[in-house]
Amino acid sequence: MLAYEKLDVYRCATEFLAAAAQILSALPKGNASLGDQLRRAALSIPLNIAESSGKPTTADRKRFAGIARGSAMECGAILDACRILELADDEQIEQGKQLLVRIVSMLSRMSR
């Protein structure tokens with residue numbers, strides 16, 4: 001097992017990635033740009049967490065945790081847009097937002 005796979009924040013991030021995929025699969029046609037943005041931002045979270053764990057200095061680890069945190073915040077805003085535009089199921093959005101709250105909280109501590 002790689003070091004990042006042991007992190008709760010990484011497990012939550014991959015869980016969110018799966019939740020985002022469900023939301024993406026249900027997006028109505030004509031929303032490709034919003035879907036692409038969610039896909040990229042959701043994938044960025046676990047990728048940057050993994051990269052953070054492989055960095056040799058504390059400053060580098062904090063920087064990549066901060067980038068992952070920014071991507072998580074972006075996902076939250078995208079989910080808000082999906083809710084406002086009535087593009088996704090409210091329950092799926094709420095589950096995604098709950099995961100993001102946990103992820104952002106953990107990443108905030110990691111990036112200090």
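The legends below describe close-up views of a predicted model. In this predicted model, local features need pLDDT of at least 70 and side-chain atom pairs count only at pLDDT 80 or more, while totals for chains, interfaces and linings use all residues. Residues are numbered from 1 along each chain as its sequence is written, and side-chain values use heavy atoms, with hydrogens and water left out.

View 1. When neighbours within four places in sequence are left aside, Ser-71 is in contact with Ala-41, Ser-44 and Ile-45, where contact means heavy atoms within 4.5 Å. The C-alpha atoms of Ser-71 and Asn-48 are 9.1 Å apart, and the two residues are separated by 23 residues in sequence.

**View 2. Salt bridge between Arg-102 and Asp-8.** A salt bridge is a side-chain nitrogen of Lys or Arg within 4 Å of a carboxyl oxygen of Asp or Glu. For Arg-102 and Asp-8, the closest N and O atoms are 2.8 Å apart. Arg-102 belongs to helix α4 (residues 90–110) and Asp-8 to helix α1 (residues 8–26), so the pair ties together parts that are 94 residues apart in sequence. Arg-102 is partly exposed at 41% relative accessibility, and Asp-8 is partly exposed at 34%. Side chains of opposite charge can pair when their charged atoms come close.

**View 3. Salt bridge between Arg-40 and Asp-36.** The closest N and O atoms of this pair are 3.0 Å apart. Both residues lie in helix α2 (residues 32–53), and because Arg-40 and Asp-36 are four residues apart there, about one helical turn separates them. Arg-40 has a relative accessible area of 45% and is partly exposed; Asp-36, at 33%, is also partly exposed.

**View 4. Salt bridge between Glu-51 and Lys-55.** The side chains of Glu-51 and Lys-55 meet at an N to O distance of 3.6 Å. Glu-51 counts as partly exposed, with 37% relative accessibility. Lys-55 counts as partly exposed at 24%. A search of the whole structure finds five salt bridges, including the one between Glu-51 and Lys-55.

Conventions. Helices (H or I, at least four residues) and strands (E, at least two) are DSSP runs, numbered from the N terminus. Buried means under 20% relative accessible area, exposed over 50%, partly exposed in between (1.4 Å probe, protein chains only).
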